[in-house]
Amino acid sequence: MSLALIGLGALLAASALTFTALKWLGAIYLIWLGINMLRTAVRLDFNAACSNTRSTPHSLFYKLFWVTVLNPKSIGFFVAFLPQFTDPARPVMAQSLIMLAAFVGFGALNALTYGYAANHLQARLTRPYIQRWVAGLACSVLIAMGALTAKLEQ
């Protein structure tokens, strides 16, 4: 959100080269995530890797914080959509703080909902064939989104 507020959206709108570079970086990143997930899903020790991923709430918070901060999808979302909802005739900082509070609030509610659902579905998702199926579906979606991102035009 900070990058959008300091003008990355305006830079992307004004520079086709910058937009294209960011688009290709995002597409390559999504495809890399999908391929990496696929490689993990087909390994024989996939179940062991999944069962050893328990974290403390404290370490989990920091991992998720950095994943969110460095997520190119979030950056792209804010750069593309924030300027549309900012009224230049009013104080930009106040509007930005309201949008930031709304985003953080809804994001926390979303994460809590997913966490609650995952906690209740955990027993059903421990079967190896279900884990491989979910991982295969997820990697397919990531690779498809990367390919679609690469096809986008400015």
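**Close-up 1. The structure holds one aromatic pair.** The rings of Tyr 29 and Trp 32 have centres 6.4 Å apart and planes at 25°, so the pair is stacked (rings of Phe, Tyr and Trp, the last by its six-membered ring, pair if their centres lie within 6.5 Å, and planes under 30 degrees apart count as stacked, over 60 as edge-to-face and the rest as tilted). This is a predicted model, in which local features need pLDDT of at least 70 and side-chain atom pairs count only at pLDDT 80 or more, whereas totals for chains, interfaces and linings use all residues. Residues are numbered from 1 along each chain as its sequence is written, and side-chain values use heavy atoms, with hydrogens and water left out. Because Tyr 29 and Trp 32 are three residues apart in helix 3 (residues 16-42), about one helical turn separates them (helices, H or I, of at least four residues are DSSP runs, numbered from the N terminus). Tyr 29, at 33% relative accessibility, counts as partly exposed, and Trp 32, at 48%, also counts as partly exposed (buried means under 20% relative accessible area, exposed over 50%, partly exposed in between, with a 1.4 Å probe and protein chains only).

**Close-up 2. The structure holds one salt bridge.** Arg 90 forms this salt bridge with Asp 87, the closest N and O atoms being 3.6 Å apart (a side-chain nitrogen of Lys or Arg within 4 Å of a carboxyl oxygen of Asp or Glu). Arg 90 counts as exposed at 56% relative accessibility, while Asp 87 counts as partly exposed at 31%.

**Close-up 3. Thr 149 lies in helix 8 (residues 128-151).** Leaving aside residues up to four places away in sequence, Thr 149 touches Lys 23, Ala 27 and Leu 30 (contact means heavy atoms within 4.5 Å).

Methods:
Helix = DSSP H or I, 4+ residues; strand = E, 2+ residues; numbered from the N terminus.
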